[in-house]
Amino acid sequence: MAPKRTGKGIPMSKRVILTAPISTSLVLLVFLALFGHSSAQVDTTISQQESFSVVLPCPVNVDKCGKLHSLNWFKGDDRIAAMLLGESNVTSVNKEFDERVTVQQNPYRLVIKDLKIADEDIYLCDTTFFIPEETCDNFNGYRVELRVLVPPTEIVILDAKGDRIENGSVVGPMQERQSLKATCTVKNTRPQPEVGWFRGDKRLTTYSPTHDLNDGLYTSTLELDWPLSREDLAQDIECRVNSAAIPNTTVTKFSVDLQVRPTRIDINGVKHHTVQGSKVVLTCDIQGARPAVNLTWYNSSILINPDDNDITEIRIKSFEKKDGTYHTQSELIFNATRFENDRVFRCEAENVVLQINREKPISSVFTLEVLYPPVVKVSPSAIMTNTSEIVLLNCEYVANPASLTQVEWYRNDDLVNVNDTNHYKGGNSENVALVIKSTAKDDIGNYSCQLSNTIGKGISDQKINLDVQYVPSVEILMIPEGPVRESDESNVTLFCNVLDANPLALTKVRWYANSTLLKELPDCEETREDLCHIDPSKLLLESIGRGFFYNYSCEGYNSAGWGPRSEDKELLVHYEPGPSALTHFPLVAVKKKSVTFSCSVDDPGYPDSNRFVTKPVNHNYKKIKTQHAPLIEFHTVEALQPQEADIAFEALLLNKIQKSLPSTASPQISPRNLEASASLLAHEIKETHALIDLHLNHSHCTLLTLTTYTPQSQFLTLYTGIKQKNDSIVSPSSYALYRKMGKFSFDAQIVSKPNRYRWLRGGRGPLQDIVTKDWTVEPVGLDSRTNYSCYAYNEGGKGIMATVNLEVHAPPFFIKNLPPYTGVLHSSQNATLTCRIECVPRCDISWQKDGEPIERNDTRYFIKEKYMEASPATGDFESMLSVLHFNMSNWPLGKFDIEADNANYECVSTGNTVGASIRSRTYFGIEYAPDNTTVSENILYVQEDTIPGRILCKSRANPEPLYKWFFKNETIANGNALIINTAMKRNDNGTYTCQAYNKHGKSIAETVIEVQFKPRCEIERREIDDQDTLICTAYGNPLEADFSWSIKGENDTVQVLGSGEKKTFLEKSFYILQTDYAISRTYRCVSNNTVGSAPFCEIEVAEQLAWWQLWEKNTLIIIVAVILGLLLTVIIICCIIICICRRRRRQDKYLTEVSLSANSVLYDQSEMTQAGGSPPIQDKSTAFLANPTLTSFNANAPKSPPRWPIRPGVMLHQRWQHRPVIGRIECCFKKKSVLFR
């Protein structure tokens, strides 16, 4: 029954079917409806988001109210759905809500899909019952308030300019006391949201929010105008939104980059005072600023910049605190000096807040006290005076503390003794200045003043230069130093060098030669204007020659007057020696002997170039007494190079001293003794190397090339070119020499430079290691046959060269001699003997046999000779080559006789002018291969485990043969005797071979060693000639054996049966068994030979032989092998047949294809089901084969394999009713199964 409406928008709460008049019922229902509508309350409230589905419940209590007739749903005053309950349950929905509203029962509810904002309203579920019960409490229906929720589309924060502030962003920078303006807007939401501004937990005071409603959606706006302060540091400004449309409070926030002023500044560092040189650290702390401050240091009013001062350092570091402000520390680091004393250091700090607000920087000051040593200043800077005058030296200072503890004056950094009151005055703490009462030469220098207080010392940076003038002291210098070579025609410049003077500049110089005045410079006479404006301290000597050989000296003049004359300095001029003369002895040299060349000059030049002094020493060179070991003109601390060997020192023999001289005493050496020693020829001169200590173990040693002498004397004379001016006599000096013989001391005196010569050989040279007058070439060889040249030289140059050619002879000498033994094979057709003899002048060669000359007409021989030229490669002189040939065609039988033709042959040469005859001998032996080889034992019998005797092998051969022994193709011994030191075993039995051999061939001989041993036996049972026979076989050496048969009885008794029958065998015995035995017996057999008897062997005979035991062993083996072969063949054939069958079966299974349609299978299946059973297998097969469409051999069969439920070839054994689509067909042609679907 459809519900009726009593008025527009007012539904009836309950409908009841009555028989009363309609007018009365209508009035009553209108009254109830008005009353119910005016007093209706919402039973429940449901909220849901837009676009979602919502379920509005309608609870119906059938127990209390009875059976439900119908149900109506109202939205506000409009009915949107109705349901009439009954058998059909008809439901009607307003067309406006037809697609989105559904009425459901069990339970009763209204479902609204795709919820819209317009759906928000109060919904009434009006129920009508057939017969309402009195207990029904659902008179006014069930009201549900539906609220539609719409979350905000966005929450936006805008700044004062209207720009968006992103969530979590930072705004700023802004300064404290500045107003923060922002707007928080919540867009498009429902219901109306609650908006608020917060800083942490504190709600910020703001204006009231505004709400705009548009299309049912609210847009709420809340503005913020907040003065910033330090409390806002490191805080987030949050816009919090609460609404039923969002589950939790939505927070959108931002932070403010707030800049604030510094709140505090402090300086700390040095307490009380510091000391100059100490490291000072002043720390300035600034707190409470954001951003960090910029800090500046001032020294009084001067800005401190570390870039302008390397010793000043400023370190700045900032720390951000939790509140966002910065704690900035700045350290001013410098080394305290006196300039920082009583200085005020100021630290200033500012940041952008102070700058924007034009406020002064905050600052803090610190006053520093520095204690420092005196700072000293002296005056005047320079004083020039003469000797014997009074001079005042001033000294001023500043210091903290100002009181002095010590005053010191220095001259040229040396302490001045101010306590010398005769020369000084003052220079103490009461009177710092220093007075020199009378100046002298020693007072010249730079004066400084050093003062001390309790902190330290201070010395003046400046110095007073005190200059006292005095006359010059000079010396002569030469450039070049000298000596000078005359041939160079060079110039020498003399310098009058000032050794000591004040002033140093010379205004005049007087020059002397051998104490005679040469010139006074400058010379400003009218005729010599070129000598007026010159440096008088220089004198040029041009084109130096022998005429400039003088002692030069000079006198200098300055503003103080003329000084003393200098010491003489000699100018040495070197000139070359005269032409050389070269001789040698002997006139004709002999190979492997020596020849001595002598080089001499008449004009030795200067320095003297003669090696041996043969005339009085030139007395123009005055000899001096050396006070210490003189410096040698030429020396080095390294090994001399070859080109420097010519300047080595020479050691000469003095014949008057025959024993070692002590280092402390030495006789005087006179020129006469020197001449006498030079004239002696008894000594021998050789070159060697040694270390010489020129300064008596107090200086570096020098490696020199020295000349040794006869070991009877250790007295040396050293030669040098250094000469000194002194009128005293010559005194020897001591030296130390180190060489291979050991260290020893000697005395020597300075005489002259060493005598030096140069030698050339074959036009090559000069030879670096030969510098003496005499040169001995030893030994003389082929390379000595050349020209030799020599010349003398000194520092002045080299003389004219002399050259001679040396002739060299060689005595007879074998270059190739005969060997002691010459062996020739007796059948050889080519035999020769060769010898080669070196001899200059030429010599002849002859041959001898057994001491008898071989004549030239002897047809058995012929001789070939050849003259050989000299060989520089081997050093051999000219030689004769002679070859003795054996003419084998003229020998008996055309070959050598192995006995008669052995002989001694000799090669003999004649003598020449420098040597006697020589000869060489060889034994000519006829050789042949080994022959007639024999052994001492052809057969040797040895018992096992014994050692055999030795076997000797002999053979005839030349050269004597060597021997080897072989056994089983292995070498077992060397030598002609075969000695076996180990016991022989039976496997050592066999043939042993001796091989004799030499270089011409080999020969062999054999011996047999028979190793004899006891036999061992074996018994076998066989049927021979139809008789059961036991056969006992013995294995031993010798093979022949004797046998003994026996039977082992009870209690180990033995019954002897005899020896048996050997028949034709030596190693076997046959015993025929009796046929009447009935018990098991044990038969024994014992064998023995000449070596001994072996242990018995036995066999147990249990019964008569079976048929197979009567066969021979070989026959039985053959029969068993044949049977096994047949079985193996059968097995192989069976395997082949099985493999072939399996392969054909697999091919048939894969080629069988069955094609059945689904309808045919279902049809057959339905027929079988209606028949109530399965047809016989034979019938199914016949039906299958009768229908050609079901076979796989028609033209329409699929080419691809059928899609079986399992892989092909698998048989399914099931009952017919359990396999609806699978059948099995037995083919009548082949027993195979075909699967089909």
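Author: Cys-1135 has a relative accessible area of 42%, so it counts as partly exposed (buried is under 20% relative accessible area, exposed over 50%, partly exposed in between, with a 1.4 Å probe and protein chains only). This is a predicted model: local features need pLDDT of at least 70, side-chain atom pairs count only at pLDDT 80 or more, and totals for chains, interfaces and linings use all residues. Residues are numbered from 1 along each chain as its sequence is written, and side-chain values use heavy atoms, with hydrogens and water left out.

Reader: Switching topic, how many disulfides turn up in the whole structure?

Author: The search finds 13. One of them joins Cys-599 to Cys-790, S to S 2.0 Å. Cys-599 lies in strand S53 (residues 595–601) and Cys-790 in strand S60 (residues 787–794), so the pair ties together parts 191 residues apart in sequence. Strands (E, at least two residues) are DSSP runs, numbered from the N terminus.

Reader: Is that Cys-599 and Cys-790 disulfide right-handed or left-handed?

Author: Right-handed, because the torsion about the S-S bond is about 85°.

Reader: And Cys-953 with Cys-994, which hand is that link?

Author: Left-handed, with -95° about the S-S bond. Cys-953 is buried, at 0% relative accessible area, and Cys-994 counts as buried at 0% too.

Note on methods. Disulfide = S-S within 2.5 Å. Helix = DSSP H or I, 4+ residues; strand = E, 2+ residues; numbered from the N terminus.
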